[in-house]
Each structure stands twice: as C-alpha cells, then as structure tokens.
Amino acid sequence: MNGGSSTLHPDPLRQNPYHPNGADDDDADELDFFDANDPDIMSSDPLHDPSAEPLSFKRKQKSTFLSSPARLFSAFTGASSSEPRRASPPISPERLEHLQTGAKDGAPLDWYVEGPGRRVGYEDLTAIDWIFEYTKERQRLRVLASTATGLFGYAQLFLDASQVWVVLVLTGLAVGALAASIDVATDWLGDIKYGFCSTQDGGAFYLSKTLCCTGYEEMAKCSGWKPWGAALGASSGGGKWFVEYVVYLVLAVLFALSAALLVKSYAIYAKHSGIPEIKTVLGGFIIRRFLGVWTLITKSLGLIMAVASGMWLGKEGPLVHVACCCANLFTKLFPSINSNEARKREVLSAAAASGISVAFGSPIGGVLFSLEQLSYYFPDKTMWQSFVCAMTAAVVLQAIDPYRSGKLVLYQVTYSSSWHGFELVPFMILGILGGVYGGLFIKANMTVAKWKKSTPWLPSPVIQVVLVALLTGLVNYPNDYMRAQCSDLVSNLFSECSKLVDDQFGLCKTGAASAGTIVLLIFASVLGFGLAAITFGLQIPAGIILPSMAIGALSGRAVGIIMEMWQHAYPKSILFSSCEVDIPCITPGTYAIIGAAAALAGVTRMTVSIVVIMFELTGALTYVLPIMVAVMIAKWVGDAFSRRGIYESWIHFNEYPFLDNSEEMQIPDIPASQIMTRIEDLVVLTATGHTIASLTAILEAHPYRGFPVVSDPRDAILLGYISRAELAYNLHTSTQPPRSLPPETEAFFAHQPLADPRTTLDLRPWMDQTPLTLPSRSRLHLAVTYFQKLGLRYVLFSDRGVLQGLLTKKDVWYVLNGAEETRRTSGGGGVGGDGAGGGVAGAGLTREESDGEQEGLLHVRSGIDDDGEPVSPGGEERSIL
C-alpha cells in the first residue's frame with residue numbers, strides 16, 4: 001500500500017506537517033496529506049478570498065433600480081446587472097449531475113416522482129384531490145415568481161394575479177345582463193296569458209302589461225291592454241271569464257311543455273334548481289356538462305318558459321346555476337384557472353353570489369348565501385371576490401332597470417312605520433309556522449320524489465310536467481291570489497297600504513280586513529303548498545325560494561289582518577296602549593315579509609343570509625330584530641323535523657357524495673378498522689412482476705377506481721396508490737407510437753436498477769407515493785374529519801408501513817347516511833366517489849362485497865373510449881365541467 005501511495009505522490013519529501021517527526025503516518029486522516037501552503041487548495045473557498053467583504057449577519061438593504069443606471073436598465077430588460085461580482089466557484093460535472101438527479105435512485109428532480117404523482121385529469125362523477133390541486137398551484141406560482149425579473153416580470157405577475165378578477169367582472173356583467181333579459185321575457189310571457197298590448201296609445205305587442213300601461217295609476221283603466229275575452233269577441237261576463245280561462249290554460253301548458261322539451265332535448269342538467277348539484281361540485285365532485293354552454297342556454301330559455309307558465313316555482317335558485325355556468329365559461333379563457341379544479345371552485349363560489357345578488361337585488365345577501373349555503377371551502381379572498389362579482393352584477397341590473405321602476409326586483413318595498421313590543425308574539429308565531437311549513441314541505445316533496453322513483457308505470461317526465469301544469473292552471477285561475485305570477489303576488493303582499501297605488505288584489509280596500517280575506521289567504525297558501533311540493537323536482541328549471549316566500553307571505557298577511565282586526569275591535573285594550581292615535585298601529589305587509597323570511601328559513605335552514613336579504617329588500621333597519629327572531633325560531637322548529645334542509649335532502653336523495661364540513665353529523669364511536677375495506681378484500685398491485693398485458697387484464701377484470709401498491713404479497717409494505725385513470729392512460733399510450741411497447745413489456749412501481757427505460761414501463765411518476773395514511777386503530781371520527789376538512793378521496797390504513805385497509809369517500813358517505821338509505825337500491829346505487837379495489841364498507845358496520853362500490857353513481861370508465869383511443873379527462877375534448 002505504501003508503494004501505491006508513493007506512486008500517487010512521487011515527491012519523497014511530502015510529509016505530514018502536523019506529525020511531530022515529520023514522518024508519514026498511515027493512520028492519519030487523508031486531509032492531513034494536503035499542503036496548507038498550496039494556493040490551489042483553498043482557492044475555491046469564499047472565505048479565503050482576501051478581497052471579500054468581512055462576514056456579517058446583518059440584513060443588507062436592497063438597492064433600488066434607481067440607485068445606478070445599470071440597475072435601471074436591468075429593471076426594464078430583466079437582464080442581470082453589470083456590476084462586478086465575485087466569481088462563483090466552478091461546479092464539477094459530478095456535482096452538477098448530482099444536482100440534476102434526485103437523492104433516490106437517480107430519478108430526475110421532478111416533484112411528481114417522490115410526491116403525489118402526475119395526473120391525466122379526473123373522470124366523470126369522481127371527486128377531486130384538493131391537496132394535489134393546491135400543491136400544483138403553489139408549484140406554478142413558485143416557478144412564475146422565480147422566472148419573473150425586472151418590470152416585465154412584475155407585469156407578468158400582475159397579469160397572472162388579475163386573471164381571477166377579469167373572470168369575476170365578466171361573470172358579473174354577463175349575469176346582470178342575463179338576469180335583466182330573463183326578467184323582461186318572463187314578465188312579458190307571463191302577461192301574455194291574460195291579454196296583449198295593442199297598438200292603441202302607442203303600445204306594441206311585445207310590451208308587458210306594466211310597460212304598456214305606463215302612466216296609468218290603475219291597471220284596470222288602461223285602454224291599451226286588451227284581455228283575451230274582449231279580443232276574441234266574448235260579450236257576456238261569463239263568456240269572457242271562460243274564454244280567458246281556456247287561453248290561460250292553453251298558454252300555461254304550452255310554456256311548461258316548451259321548457260320540458262328544451263331540457264330533455266338539449267341539456268338534462270338544466271332541470272331543477274341546480275343548487276344541490278352546485279353544492280356537490282363545490283365540495284369537490286366532477287359532473288361533466290353540468291356547467292357547459294348548452295346547459296347555460298337551456299337553463300336560461302327553459303327558466304323563462306317555466307316561470308311564465310304560472311307554476312309554483314321561482315327563478316332565484318336557477319339564477320345561481322346560470323351564474324356558475326357563466327363563470328365556468330369565462331374560466332376557459334385562462335388555462336391557469338381552467339386547469340386547476342380547486343381554483344375553479346373558488347371562482348364558482350364567488351360567481352354563485354352574483355346569482356342571488358340579481359335574484360333579490362341583494363349583493364351582500366348573495367355573498368352570505370354563498371358562504372352559508374353553497375361553499376365547501378370559502379377563504380377570506382373568496383369573500384372579497386364574491387363581493388366584487390355580486391356588486392358588478394347588481395350594478396348592471398340597476399343600469400338596465402328591467403322593470404322601469406328603479407327597483408332591482410319587483411317586490412322591493414320600504415316601510416315608514418315601526419313595530420311595537422306586543423307584536424313580537426305574532427312574529428314568533430310566524431316563526432313557528434315557518435318552521436312547521438319547512439319541515440312538512442321537505443317531507444312531502446321527498447315523499448313525492450321517492451314515490452315517482454319507485455313507481456314504474458308513471459308517464460314520461462315531459463308528460464308529468466304537462467299534467468302538473470294543467471292542474472296548476474285549473475287551480476290557480478279561479479283564485480285571485482294564485483292567478484298572478486308569484487313575484488306580483490309577493491310584491492302586493494309585502495306592500496304597505498298607505499303606499500300602494502294599484503291595489504290589484506283588493507287587500508287595502510275598505511272592508512278588506514275581514515274573515516273572508518283571511519280564509520282566502522290561508523286557502524291560497526295551502527293550495528300553494530301542495531302545488532309547490534309536486535312541482536319542485538320536475539324535469540324543468542325550477543327554484544323553491546320564491547314559492548316558499550309566497551306561501552309564507554300569504555300566511556303572514558293573514559296573521560297581520562287578524563292582528564289589525566283585533567286592534568280595531570279593541571283599541572282601548574292595554575295590549576295596544578303603545579299605539580298612536582290616527583296612525584295605523586298594525587302594518588299587515590310587515591307580517592307578510594316576516595312570514596316569508598320564516599318560511600324560507602324553514603325550508604332552506606339558512607339564517608344570517610336570509611336576514612340580510614330581507615333587510616336589503618325592505619331597507620328597514622328597524623325590522624331586522626323581528627326578522628331575526630322569526631328566522632331563529634323557524635330554524636329550531638325545522639331542525640326538530642329533520643337536520644337537512646331542502647337542498648341537503650335532494651343531495652341525499654340523489655346520493656351525491658357530499659360531506660359537509662360544517663354539518664354536525666352523528667359519527668359512530670368505533671375504530672376505523674371496523675369500517676375500512678381490509679387488505680384481504682382489496683385488489684392490490686405489487687411493486688414488480690407485471691407486464692402491460694397483465695395490468696390491462698386487471699383493469700378489465702376489476703372496475704375499481706384505483707389500486708394500492710405494496711412491495712410484495714408477503715410483507716405488504718405500502719408503496720403508494722395509483723388511480724385507474726392514470727394507469728389505463730399509461731398502459732394504452734405506451735403501446736402506441738412513438739414508444740410502441742409490446743404487451744409483454746415489463747412494468748413496475750419500484751426502482752429497478754437494471755431496467756432499460758427504453759424497453760420497460762416505469763409507472764412510479766404516475767403513482768401517488770405520499771398518500772395520507774392512518775393507523776388502523778384510529779377512530780372513525782378522525783378519519784371522517786380527514787375527509788371533511790381536507791377533501792380527501794381515500795385514506796389508506798397502515799401499521800408500521802404494512803397496509804391494513806382502505807377507506808373511500810363513498811364508504812364514509814354510506815356510514816353517515818344509515819344502512820337503510822345505503823342499501824335501498826339493492827347494491828346498484830351509491831355515488832361513485834373513488835371506490836378503490838375492494839368490497840364496500842356498509843353502514844351496518846360490516847364489510848361485504850357489493851356492486852355499489854364497483855359501479856358508483858352511473859358507471860366507471862377505464863380511461864379509454866369506445867374506439868380504443870386513450871382519453872385524458874383533463875384534455876380539451878372533454879372538459880372537467
């Protein structure tokens with residue numbers, strides 16, 4: 001060995017300077033053999049440079065770009081400054097190669113490799129990975145910030161940050177214009193059922209009754225409006241009434257039929273209100289075509305027809321769907337938003353506020369509605385974005401002024417009188433009535449929906465719409481309160497008699513405060529309850545907010561008239577001692593608006609947003625406290641019937657995998673191991689021993705949405721998790737040009753040092769190598785919290801690295817919704833969140849095999865289309881939403 005050393009160091013005088021005898025010492029550290037006087041050894045040490053500045057730990061002040069001409073020039077060009085700098089030490093090729101490769105197995109420095117893995121997008125009817133989406137966004141922002149230099153770099157950052165605001169402003173403009181168009185068209189078609197505007201006095205056929213009779217204080221004196229009875233030549237009073245009745249029925253059925261055919265032919269997702277689906281989408285679920293262009297067009301046109309038909313439905317809920325469709329359309333202009341599902345849902349949350357803003361003329365109420373009812377994830381920045389979008393939509397609607405009255409909505413009113421202390425008792429009674437209405441309505445509506453679903457002999461959905469529209473027309477027309485559009489009815493019920501110019505329903509005329517009026521109001525509210533219960537859920541665009549307000553306003557106005565009659569009968573009573581002389585003590589219109597708020601709270605279980613919406617409708621700060629009392633009591637009474645509101649009930653009925661992170665669920669106090677699908681019931685993939693053909697056969701044999709990956713069957717050390725979409729996509733593309741690998745090609749999920757990357761398939765970059773795991777002894781409450789707060793699709797359970805089982809979002813949904821709802825479809829139902837190889841964990845706390853886990857909501861797609869071509873769910877040909 002000494003001879004070898006002498007060959008490497010031929011200088012015989014080279015000795016250890018630190019040895020006392022100056023002789024060689026074989027036991028010394030090899031650094032001791034370097035000569036400290038050699039200038040080449042320390043030349044790369046920055047501290048050895050005598051010209052370097054003294055070492056200091058003080059923070060240096062940044063020099064501005066105005067401090068020198070060179071920096072000023074570099075600020076504009078993004079180039080580096082020409083100031084002299086100390087040269088950095090050269091990096092050896094070996095060190096450079098080490099920096100360009102990962103610490104493990106020589107893999108490239110790619111955040112996908114030892115992380116969540118690459119993705120090809122999401123399949124239809126599956127949940128998104130919130131953690132992956134936000135990680136991807138942070139990585140994008142880091143790359144953008146690192147490459148942005150100079151003023152051009154700052155401009156690039158500014159443009160990137162402004163994309164969201166551009167989308168929101170465009171959405172607000174579009175929603176305001178669409179809402180005004182829907183208001184104008186609905187108003188005209190709704191009036192066409194009663195007559196038309198003649199050319200007399202400068203009128204035109206396309207004008208609604210309000211615009212046709214502009215300048216007349218009473219509509220009855222308007223000579224330009226021609227009822228159908230007079231236009232068709234009916235002379236007698238009975239003949240006119242019958243002719244108008246028939247025309248009303250024919251047009252009402254025609255409008256309803258048009259709406260149903262539009263939905264059936266062009267966009268089935270345009271039916272209902274859309275709010276249950278929006279809540280599910282914002283919770284992280286993928287529903288393709290739900291926010292598409294055809295859905296937007298069909299929803300808008302169908303909503304006009306459905307509302308004009310006079311059926312007991314509203315346009316407020318569907319306007320939220322319209323707003324989200326507009327936002328989704330504008331996000332396609334910016335790939336950085338459109339390609340990130342988490343960011344897209346933030347934009348949709350903000351856009352939903354604009355829908356309520358134009359529906360009620362309540363921008364702040366819209367923001368609170370989105371926060372309280374819709375959004376799954378609502379950070380502070382989303383609240384500010386929601387406010388901007390809602391404000392923009394309200395400003396556009398105000399500028400267009402569709403009613404030519406200066407009001408954003410038809411039933412916007414103001415009150416000049418205040419309320420008295422004794423009125424809190426009837427206000428509380430209205431709160432109780434609203435809660436009872438909400439609880440009974442949800443039960444009745446769900447009973448009708450379940451009956452229709454379980455009855456095979458019912459006619460087609462279009463025929464059902466026609467039958468309900470015919471029944472509604474037959475019932476509505478003879479009753480003066482039900483004959484009018486819901487918005488006109490609510491507007492008159494809310495009005496204060498001292499400010500009402502045209503008493504369309506005779507509520508303010510002399511003698512109107514009578515028992516007959518009370519009976520008619522209550523009778524109309526009962527009939528409206530029944531008609532709304534069978535209408536909400538039909539295959540047409542239909543909301544439940546306005547019908548609920550109308551039903552509550554009818555009952556509230558009846559209670560107000562009762563109080564008014566009582567006060568007139570006993571004006572000297574001590575109960576009414578606070579009433580002033582010659583000033584109306586009771587205002588029945590205030591009872592109507594409090595009854596409407598209570599009914600809306602009872603059916604939707606919202607609180608704060610309803611109070612703010614009603615405040616913005618009335619502008620009366622003095623009535624905030626009575627509204628709050630009624631809403632609070634209505635929610636308490638409604639919760640006594642069921643914890644679910646109408647939208648949550650429909651989510652549960654449709655079996656959408658929505659886990660509300662704010663809902664107080666009853667979670668069984670058991671270990672998660674009793675619920676999870678255990679490893680012996682799972683289809684797992686081993687790290688090695690696969691070919692493209694064998695993996696393809698596994699996909700064909702097992703329609704699961706993903707597979708855990710373990711080291712080997714004996715040890716079962718968890719290595720990661722790969723989704724079906726990524727696996728199917730890679731297996732198919734690897735056999736196509738340019739790679740064109742044969743089916744017997746080796747495929748693996750772990751590092752193979754001798755594998756040739758040109759002739760093998762490495763699936764590690766597509767595998768989630770850092771899945772969230774829990775010990776199998778963890779409580780179910782902890783696992784459910786993971787799903788609720790983090791928006792997970794699955795959780796793997798392992799003990800000391802050994803895979804024990806798996807729990808999916810759908811498993812948790814099954815458990816939290818009870819065994820009877822879970823198995824009511826006999827294994828064919830359930831919503832396909834992200835079933836991963838194995839039997840479903842039933843709500844009865846037993847593990848069993850079931851097609852529900854395999855099939856999901858409709859079916860599971862393999863990532864390959866019917867023509868055998870690979871389909872990337874994130875591609876342009878199939879948008880995520």
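The legends below describe close-up views of a predicted model.

**Figure 1. Overview of the predicted protein chain.** The protein has 881 residues, of which 53% count as buried, and its secondary structure comprises 31 helices and 14 strands. Among the contacts between residues at least 6 apart in sequence, 74% join residues that are at least 24 apart.

**Figure 2. Helix α10 and its packing against helix α11.** Helix α10, which spans residues 293–308, packs with helix α11, residues 316–331, at an angle of about 150 degrees, and the two axes are 9 Å apart. This angle makes α10 roughly antiparallel to α11, and the crossing of the two helices is left-handed. On the α10 side the contact involves Val293, Thr295, Leu296, Lys299, Ser300 and Leu303, which meet Pro318, Leu319, His321, Val322, Cys325, Cys326 and Leu329 of α11. By residue class, this contact between α10 and α11 consists of nine nonpolar residues, three polar residues and one charged residue.

**Figure 3. The surroundings and the end of helix α10.** With its 16 residues, α10 reaches 23 Å from its first C-alpha to its last, close to the 22 Å expected at 1.5 Å a residue. Its buried residues are Thr295, Leu296, Thr298, Lys299, Ser300, Gly302, Leu303, Ile304, Ala306, Val307 and Ala308, and what covers them includes α5 (150–192) and α8 (237–266) as well as α11. After the helix comes Gly310, which has a positive phi near 85 degrees.

**Figure 4. The crossing of helices α16 and α22.** The axes of helix α16 (residues 424–454) and helix α22 (residues 588–604) come within 7 Å of each other and cross at roughly 35 degrees, and the crossing is right-handed. Helix α16 contributes Pro426, Phe427, Leu430, Gly431, Gly434, Gly435, Tyr437, Gly438, Gly439, Phe441 and Ile442 to the contact, while α22 contributes Tyr591, Ile594, Gly595, Ala598, Ala599, Gly602 and Val603. The residues of this contact between α16 and α22 divide into eleven nonpolar and seven polar, with no charged residue.

**Figure 5. The pairing of helices α20 and α21.** Helix α20, residues 515–535, packs with helix α21, residues 545–569, at an angle of about 160 degrees, with 9 Å between the axes. The two helices are therefore roughly antiparallel to each other, and their crossing is left-handed. In the contact, Ala515, Thr517, Ile518, Leu521, Ile522, Ala524, Ser525, Gly528, Phe529 and Ala532 of α20 meet Pro547, Ile551, Leu554, Ser555, Arg557, Ala558, Ile561, Ile562 and Met565 of α21. Of the residues in this contact between α20 and α21, 14 are nonpolar, four are polar and one is charged.

**Figure 6. The loop between strands β6 and β7.** Asp712 lies in the loop between β6 (706–710) and β7 (718–723), where Asp712 is partly exposed, with a relative accessible area of 24%. The C-alpha atoms of Asp712 and Val684 are separated by 9.7 Å, although the two residues are 28 residues apart along the chain. Ala716 is also placed in the loop between β6 and β7; Ala716 is buried, with a relative accessible area of 7%. The phi of Ala716 is positive, near 55 degrees, in a residue other than glycine.

**Figure 7. Arg800 in the loop between strands β11 and β12.** Most residues other than glycine have a negative phi. Arg800, however, has a positive phi near 55 degrees, and Arg800 lies in the loop between β11 (794–799) and β12 (802–808). The residue is exposed, with a relative accessible area of 86%.

Key:
Residues are numbered from 1 along each chain as its sequence is written. This is a predicted model: local features need pLDDT of at least 70, side-chain atom pairs count only at pLDDT 80 or more; totals for chains, interfaces and linings use all residues. Side-chain values use heavy atoms; hydrogens and water are left out. Axes are lines fitted to C-alpha atoms, for helices over the stretch in contact, and angles run from 0 to 180 degrees between N-to-C directions. Helices (H or I, at least four residues) and strands (E, at least two) are DSSP runs, numbered from the N terminus. Angles under 35 degrees count as roughly parallel, over 145 as roughly antiparallel, 65 to 115 as roughly perpendicular and the rest as oblique. A crossing is left-handed if the near helix is turned anticlockwise from the far one by less than a right angle, and right-handed if clockwise. Contact means heavy atoms within 4.5 Å. Ala, Val, Leu, Ile, Met, Phe, Trp, Tyr, Cys and Pro count as nonpolar, Asp, Glu, Lys and Arg as charged, and the others, Gly among them, as polar. The expected span of a helix is 1.5 Å times one less than its number of residues. Buried means under 20% relative accessible area, exposed over 50%, partly exposed in between (1.4 Å probe, protein chains only).
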